[in-house]
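Trainee: Could you walk me through reading this model, feature by feature?
Mentor: Gladly. Bring the structure up.

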Amino acid sequence: MQERIRNFSIIAHVDHGKSTLADRILQQTRAVQAREMREQFLDSLELERERGITIKAAAVRLAYTARDGHTYTLNLIDTPGHVDFNYEVSRALAAVEGVLLVVDATQGVEAQTIANFFLALEHDHVIIPVVNKIDLPSARPEEVALEIEETLGLPAEEAIFASGKTGEGVDEILEAIVQRIPPPKGDPEAPLKALIFDSIYDSYQGVVPYVRIYEGTVKPGDPIRIWSTGKVYTVDKVGVFRPGHLEATPALTPGEVGWVMAGIREIHDAQVGDTITHHTRPTEAPYPGFKPAKPVVFAGLYPVDSQDYGRLRDALEKLKLNDAALWFEPETSEALGFGFRCGFLGLLHAEIVQERLEREFDLDLIATAPSVVYRVVLHDGTELEVHNPSDLPDAGKIREVLEPYVRVTVYTPEEYVGAVMQLLQEKRGRMAHMNYIGKRVELVYEVPFAEILYDFHDRLKSITRGYASMDYEQIGYRPGELVKVNILVNGEPVDALAFIAHREKAYFIARAMVDKLAEVIPRQQFAVPIQAAIGGKVIARATVKALRKDVLAKCYGGDVSRKKKLLERQKEGKKRLKAIGKVEVPQEAFLAVLSAG
Ligand code: GTP
C-alpha cells in the first residue's frame with residue numbers, strides 16, 4: 001500500500017558512519033539474519049569493501065512494524081560518498097522523499113555534509129538530522145546538534161542522537177522515518193514514469209536498471225522505452241530489493257523502488273538519471289535534468305607487455321558494461337606503444353578502474369599522468385579538445401588555450417583560514433565568497449581544475465591537521481596562460497611525459513620533474529640526460545649517472561642459484577619498466593608530474 005511506503009537515503013560526509021548506520025538499520029529491522037550479516041552490507045563490490053568507500057548507490061527494502069502497529073515498507077537507497085560520484089548522489093536522492101543527514105558527533109558539520117544537505121533541499125526532502133557515534137568518549141552531541149541548527153537551519157531538538165556501532169537511537173530513527181517522511185505520491189493508472197537511479201550488469205540478464213516509479217505501473221510483458229535513446233524493450237521481469245538478492249514481484253507501482261529486467265545489453269541504454277516509460281503510452285515529460293555521465297580526467301593506459309593490448313581492450317570493454325562514465329579510445333604513444341586514452345569522473349574513479357583492470361583481469365599496466373581536458377582555439381579559428389598533453393599544437397598556431405574551472409568549497413576551523421587562503425591562492429584560485437558559521441569558515445573559490453586534481457586534498461588536510469573538508473563542482477572553461485612542457489630522455493622527447501602547465505609555474509614544475517625523473521630512472525651503462533623544454537628552449541636539466549659496475553659481474557663463477565635469483569629479481573622490477581630508446585623507464589616516472597606540481 002502506497003500509504004505505508006517510506007523511501008529514504010542516508011547522506012553524510014565521508015567516514016561519518018553512513019554504512020555502519022545502514023548496516024545497523026538492516027539488522028534492527030531483521031532484514032538480514034545475523035549469520036548473513038557481513039559488515040558494510042550495502043557496499044557490495046569487493047573493492048568497495050576494501051577501500052571502505054561506497055562507489056555505487058545500492059538499494060534495499062525493509063519491513064518495519066512501527067509503534068502505531070502498522071507494518072511499513074522502508075526503501076533505503078544508499079548513496080556514494082565521494083565527490084567524483086556526486087551526480088549519482090543527486091539521482092539517488094531523486095528516488096526518495098526524505099533523508100537521514102548523518103553527522104559525526106566528534107567532528108561536526110563538514111563540507112560534504114553541507115553539499116549533500118543542499119542536494120536534499122533541492123529535492124524538497126524531509127531532512128532528519130542524526131548525530132552519530134555518540135558512543136565515542138569525545139562525542140559532543142548537544143554541541144553538534146546546535147552546529148547543525150546554526151549552519152543548516154535544522155532545529156537542534158529534531159536531531160536524533162545515535163550510534164551505528166552500539167545501535168543506540170536506531171529505533172528512534174526508524175520511528176522518525178515513518179512519522180516525519182511522507183508516503184510517495186503518484187497515480188498507478190497514469191502513463192509510466194520511472195527514474196533510473198542506478199543499474200547493475202549481469203552477464204545473463206544484461207543491464208538491470210534500478211528504478212523509482214513516479215507514475216504508472218510496470219509489469220512483465222510491457223513494451224518500455226528509454227527516454228533519451230528512444231530504444232524499446234519488452235519487460236521480462238520486475239521486482240524489489242531484498243538484502244543480498246533481487247526478488248521478483250508481479251508489478252511495480254508508484255512510490256516503489258525496484259528493478260526491471262528487459263534484456264538491455266548496453267549500459268549506455270540505461271544511464272543513471274534517464275527515464276523509462278511505456279512505448280505505447282508514453283509520459284509527457286521525463287524526470288528532469290538528465291545528464292549523461294561525462295569524464296573530466298583523462299590518462300593513458302598501456303600494457304607493460306605489448307602482447308597484452310588485446311586483453312586490455314577486452315577488459316576495458318567489460319568494465320564499460322557496468323560503468324557508463326568510463327570512456328576509452330585507442331591511442332598510440334611513441335614511447336609506450338599501443339594503449340588507450342581513458343576518461344574518468346575524477347582521480348578516484350581512475351584509480352578504481354586501474355586497480356580493477358590489474359586485479360580482476362590480471363594486467364600489468366603503465367598509466368600516464370592524469371590530465372584535465374583543455375580547449376584550444378587556433379589562429380585559423382579551429383577549436384580542439386585536447387585530452388592528452390602531447391596533442392597540444394605548437395604554440396605558434398594557438399590563439400588561445402582554455403582550461404576547466406571548478407568552484408571549490410572549503411570548510412575549515414577559523415584558525416586555519418589564513419593557511420587555506422594561501423593554498424588556494426597558490427593554486428591560482430580567486431575568492432568568490434567567505435562565510436563565518438560559528439567557529440567555522442566556509443571559503444568558496446574558483447580554481448583551475450588541474451590545480452586541485454593531484455595533491456590539493458592532501459595538502460588541505462595537512463595544513464589544517466585534518467580538520468578542513470572540501471567539495472567542488474565544475475563551472476566551465478576560462479582562458480589561461482598555458483604551455484606545453486616536453487620532457488627529453490637521452491635527447492629524445494617522450495610524448496607520454498609531456499605535460500601542460502601555467503606559464504608562471506612551468507619552470508618550477510619542470511625543475512621538480514627532471515629531478516624526480518633522475519631519481520626514479522634506474523642507472524644505465526651510460527649517463528642519461530633528462531631535459532625539460534618549452535618549444536625549443538630547455539628550461540631544466542638533470543642527469544642519471546652511469547652505472548659503475550655490472551650488476552652480475554660479482555656473480556660470475558659464483559653460486560648459480562644466487563645469480564638466478566638476481567636475474568629473477570631484475571625481471572620482477574622490469575615488469576613495470578618500459579624501454580624508451582636505450583633507456584628503461586619505470587612506471588613511477590610517468591606519474592612524476594603528480595608529485596612535481
Ligand atoms: P563512506 O562509505 O566512505 O562514505 O563512509 P561512511 O560514512 O559509510 O562511514 P563508515 O560507516 O564506513 O564508518 C567510518 C568509520 O567510523 C569506520 O571506521 C566505522 O567503524 C566508524 N564508525 C561508524 N559508526 C560509528 C559509531 O557509531 N561509533 C563509533 N565509535 N565508530 C563508528
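This is a predicted model: local features need pLDDT of at least 70, side-chain atom pairs count only at pLDDT 80 or more; totals for chains, interfaces and linings use all residues.

Trainee: How many residues of strand β13 are buried?
Mentor: Buried means under 20% relative accessible area. In β13 (residues 257-261), 5 of the 5 residues are buried, so the strand is largely enclosed by the rest of the structure. Look at each face in turn. Val-257, Trp-259 and Met-261 are on one side, Gly-258 and Val-260 on the other, and both faces are covered.

Trainee: What is the strand order in the open sheet of 8 strands?
Mentor: The order is β10-β9-β14-β7-β8-β13-β11-β12, with antiparallel pairing. β10 (232-234) and β12 (245-249) are the edge strands, each pairing on one side only. From one strand to the next, the twist averages 40 degrees. Within this sheet, β7 (residues 193-202) and β8 (residues 206-215) run antiparallel and are joined by 9 bridges.

Trainee: What is the pairing in the open sheet of 6 strands?
Mentor: Mixed, with the order β2-β3-β1-β4-β5-β6. β2 (59-65) and β6 (160-161) stand at the edges with a single partner strand each, so one side of each has no neighbour in the sheet. β6 joins β5 in the parallel sense over 2 bridges. Ile-160 in β6 is the bridge partner of Val-130.

Trainee: Which strands does α1 touch as it packs on the sheet?
Mentor: Take contacts, then direction. α1 touches β1 (5-12), β2, β3 (71-77), β4 (98-104) and β5, and its direction makes about 150 degrees with that of β1. Another helix, α5, lies across β4, β5 and β6, running at about 150 degrees to β5.

Trainee: Which residues does the UniProt annotation "binding site" cover?
Mentor: Treat a record as a record. The unreviewed UniProt entry lists Asp-15, His-16, Gly-17, Lys-18, Ser-19, Thr-20, Asn-132, Lys-133, Ile-134 and Asp-135 under that label. Then place the residues in the model. Lys-18 sits in helix α1 (residues 18-28). Its relative accessibility is 9%, so Lys-18 counts as buried. Ile-134 is in the loop between β5 (126-132) and α5 (141-152). Leaving out residues up to four places away in sequence, Ile-134 touches Ala-105, Ala-139, Pro-141, Phe-161, Ala-162, Ser-163 and Glu-168.

Trainee: How many aromatic pairs does a search of the whole structure find?
Mentor: It finds 9. Read the distance and the plane angle together. Tyr-309 and Phe-340 are stacked, at 4.9 Å centre to centre with 5 degrees between the planes. Tyr-309 belongs to helix α7 (residues 309-321) and Phe-340 to strand β17 (residues 337-344), so this pair ties together parts 31 residues apart in sequence.

Trainee: What is the geometry of the pair formed by Phe-328 and Phe-340?
Mentor: Edge-to-face: 5.7 Å centre to centre and 85 degrees between the planes. Phe-328 lies in strand β16 (residues 327-333) and Phe-340 in β17, so the pair ties together parts 12 residues apart in sequence. Both of these residues, Phe-328 and Phe-340, are buried. For Phe-340 the relative accessibility is 1%. Tyr-309, Phe-328, Phe-338 and Phe-340 form one aromatic cluster.

Trainee: Which residues of helix α9 are buried?
Mentor: In α9 (residues 417-426) they are Val-417, Val-420, Leu-423 and Leu-424. Now look down the helix axis. The buried residues fall within an arc of 130 degrees, so they line one face of α9. The face turned away from that side carries the exposed residues Gln-422 and Gln-425.

Trainee: What do the buried residues of α9 pack against?
Mentor: Against β22 (398-413), β23 (430-437), β24 (440-448) and α11 (456-463). Finish with a backbone check: just after α9, Arg-428 takes a positive phi of about 65 degrees.

How values were computed:
Residues are numbered from 1 along each chain as its sequence is written. Side-chain values use heavy atoms; hydrogens and water are left out. Buried means under 20% relative accessible area, exposed over 50%, partly exposed in between (1.4 Å probe, protein chains only). Helices (H or I, at least four residues) and strands (E, at least two) are DSSP runs, numbered from the N terminus. The arc is that of the directions from the helix axis to the C-beta atoms. Contact means heavy atoms within 4.5 Å. UniProt positions are given in the numbering used here, feature names are shortened, and annotations may be inferred rather than shown by experiment. Two strands pair if DSSP finds at least two bridges between them. Axes are lines fitted to C-alpha atoms, for helices over the stretch in contact, and angles run from 0 to 180 degrees between N-to-C directions. Rings of Phe, Tyr and Trp (its six-membered ring) pair if their centres lie within 6.5 Å; planes under 30 degrees apart count as stacked, over 60 as edge-to-face and the rest as tilted.
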